[in-house]
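Please read the following walk through one protein structure with the sequence and the 3D view open beside it. Each paragraph takes up one place in the chain.

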Amino acid sequence: DQARAENPHRTLLLDAGDTFQGTYVSNSTQGQVVMAAMNAAGYSAWTLGNHEFDWGQEPLKERIAQAGFPVVAANLLDAAAGEPWGEVQPYALVPVGEVNVAILGLTYPDTPTINRAENVAGLEFRGAVESVRDYLPELESQADLSVVLSHLGYDGDEALASAVDGIDVIVGGHSHLFMERPRQVNGTLIVQAGAKGQVLGRLDLVVDPTTGEVTYDASSKALLPVTNDVAEVNREVQALLAVALEEAAATMDQPIRETAKALEPQRAGEFALGNLVTDAMLRADMSDGQPVDIALHNNGGIRAALPKGAVTFRDLYAVLPFDNQLMSLDLTGAQILRILEHSVSERKGNMQVAGMEFRFNSAKPVGQRVLEATVAGEPLDPEKLYRVVTIDYLAGGGDGQETFLEGENPSYGEAEVWVLAEYIRANSPVEATIEGRIRGR
């Protein structure tokens with residue numbers, strides 16, 4: 001509202017996907033509350049991320065029908081008909097002042113490889129470059145400004161801009177980059193605004209009505225922090241959120257099942273609560289049919305104790321407050337060893353594990369501190385590929401764990417807090433203990 005007030009008739013508000021997943025209120029309503037807030041905010045267009053398909057196609061169709069703005073994805077087709085799927089448009093034409101803007105959407109092409117097969121059955125996800133090339137002549141004939149709203153990730157955005165001439169702006173998602181300023185590739189401006197609603201991305205453009213040249217104001221701040229410090233609260237959003245939170249409270253405070261004893265977090269070394277979390281991860285359904293060998297979770301992501309006795313969703317959200325998703329990937333034994341080395345060099349064992357054990361000595365030189373590691377009782381083989389489940393924070397290089405970025409064949413699972421809840425339900429009362437998975441000093 002504040003940003004639009006500065007330029008009320010010449011402002012576009014866009015969302016590049018993965019819009020609903022991560023909080024209890026959103027998950028419990030399958031995104032209905034989030035979409036209501038987006039309608040109140042007055043979005044201009046939205047494209048679909050891979051997580052939009054997490055609950056299947058029918059709930060997604062309901063959210064698309066609820067949207068009071070265009071939903072665009074030029075590379076998403078009904079496979080049988082060879083036409084755009086449902087009410088999704090390839091692109092939308094939006095007048096902004098005297099400028100006609102074409103907004104073409106791109107969902108994540110590899111969604112079928114990281115989502116459940118039944119969730120994407122009958123859908124075709126085409127390549128980004130071919131999809132843009134098919135529609136760009138139409139866009140250029142009808143619009144003064146061509147924008148691609150992309151869920152490809154930054155590398156995909158950069159490849160698209162390099163391969164296709166004539167795209168003015170790419171507004172990207174998926175890789176969650178907090179880009180302090182646009183990057184220009186082959187005449188195309190590329191921007192991203194992080195994740196989880198932490199910032200509002202801003203790009204001030206100037207379109208020359210005579211030449212059609214597009215430039216941007218480099219002096220304006222690209223990332224505006226979203227905080228409670230606002231001049232005036234949006235009353236519509238405040239009201240719908242109050243209702244949603246009240247309805248959620250009843251569920252949040254209901255016991256899931258129970259623990260046999262209190263479980264405390266630790267900043268270093270093995271602890272029983274860490275074993276509980278990683279055991280739940282190891283047994284999670286990652287929907288890709290691939291058995292998982294190892295689970296890895298950083299100590300710092302486990303933030304509160306579980307009390308003895310009844311456990312509620314509110315308790316679990318305190319333990320795992322960061323809305324992380326599970327992610328599995330292939331790593332070699334040598335890469336896993338580098339991850340463990342980094343963990344014991346930063347802190348004395350800043351990694352919880354399941355499916356494996358390791359021993360370390362922090363007095364040894366860096367790179368030689370992990371003395372021994374085993375997987376299912378067998379020595380860790382540097383040449384062997386292991387299937388590892390972790391959280392998307394670590395998979396994206398969080399905690400300086402850049403070796404995760406070398407992982408291949410990724411697949412996404414559910415939010416870790418839901419996985420832990422299901423594990424506690426199935427194994428109540430849980431009796432996690434310290435088992436000697438991590439030994440060192």
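Does Gln192 count as buried or exposed? The model is a predicted one, and in it Gln192 has a relative accessibility of 3%. The cut-off for a buried residue is under 20% relative accessible area, so Gln192 counts as buried. This residue belongs to strand β11, which covers residues 188-192.

The surroundings of Gln192 can be listed next. With neighbours within four places in sequence left aside, Gln192 is in contact with Gly153, Tyr154, Asp157, Gly172, Gly173, Ser175, His176, Leu177, Met179 and Leu223. With the side chain of Ser175, the side chain of Gln192 makes a polar contact of 2.9 Å. A polar atom of the Gln192 side chain also lies 3.0 Å from the backbone nitrogen of Leu177. Ala222 is 30 residues away from Gln192 along the chain, and the C-alpha atoms of the two are separated by 9.3 Å. Tyr154, one of the residues in contact with Gln192, has the charged end of Arg183 over its ring, at 4.9 Å from the ring centre.

Turn now to helix α4, residues 57-66. Its buried residues are Gln57, Pro59, Leu60, Arg63 and Ile64. Viewed down the axis of α4, these residues fall within an arc of 160 degrees, so they line one face of the helix. Glu58 and Ala65, on the other side of α4, are exposed. What do the buried residues of α4 pack against? Their partners are α3 (32-41), β2 (45-46) and β7 (123-125).

The loop between β2 and α4 holds His51. At 10% relative accessibility, His51 counts as buried. Not counting residues up to four places away in sequence, His51 touches Asp18, Gln21, Gln325 and Tyr412.

Another loop, the one between α5 (111-114) and β7, contains Asn119. Asn119 has a relative accessible area of 7% and is therefore buried. Its side chain reaches the backbone oxygen of Phe53 at 3.1 Å. Apart from neighbours within four places in sequence, Asn119 is in contact with Phe53, Asp54, Trp55, Gly56 and Gln57. Gln57 is among the buried residues of α4.

How many aromatic pairs does a search of the whole structure find? The search finds eight. Phe53 and Phe125 form one that is edge-to-face, with 5.5 Å from centre to centre and 70 degrees between the planes. This pair links distant parts of the chain, since Phe53 is in the loop between β2 and α4 and Phe125 is in strand β7, 72 residues apart. Both Phe53 and Phe125 are buried.

Tyr91 and Tyr135 also form an edge-to-face pair, at 5.9 Å centre to centre and with 65 degrees between the planes. Tyr91 lies in strand β5 (residues 91-96) and Tyr135 in helix α6 (residues 128-142), so the pair ties together parts 44 residues apart in sequence. Tyr91 is buried, as is Tyr135. Ring pairs also link Phe20, Trp46 and Trp55 into a cluster. Trp55 is one of the residues in contact with Asn119.

Terms used: Residues numbered from 1 in each chain as written. Predicted model: local features only at pLDDT ≥ 70, side-chain atom pairs only at ≥ 80, totals over all residues. Heavy atoms only, no water. Buried < 20%, exposed > 50% of the residue type's maximum accessible area, 1.4 Å probe, protein only. Helix = DSSP H or I, 4+ residues; strand = E, 2+ residues; numbered from the N terminus. Arc of directions from axis to C-beta. Contact = heavy atoms within 4.5 Å. Polar contact = N/O pair within 3.5 Å; in protein donor to acceptor, adjacent residues only side chain to side chain. Phe/Tyr/Trp six-rings, centres within 6.5 Å; stacked < 30°, edge-to-face > 60°. Lys NZ or Arg CZ within 6 Å of the ring centre and 35° of its normal.
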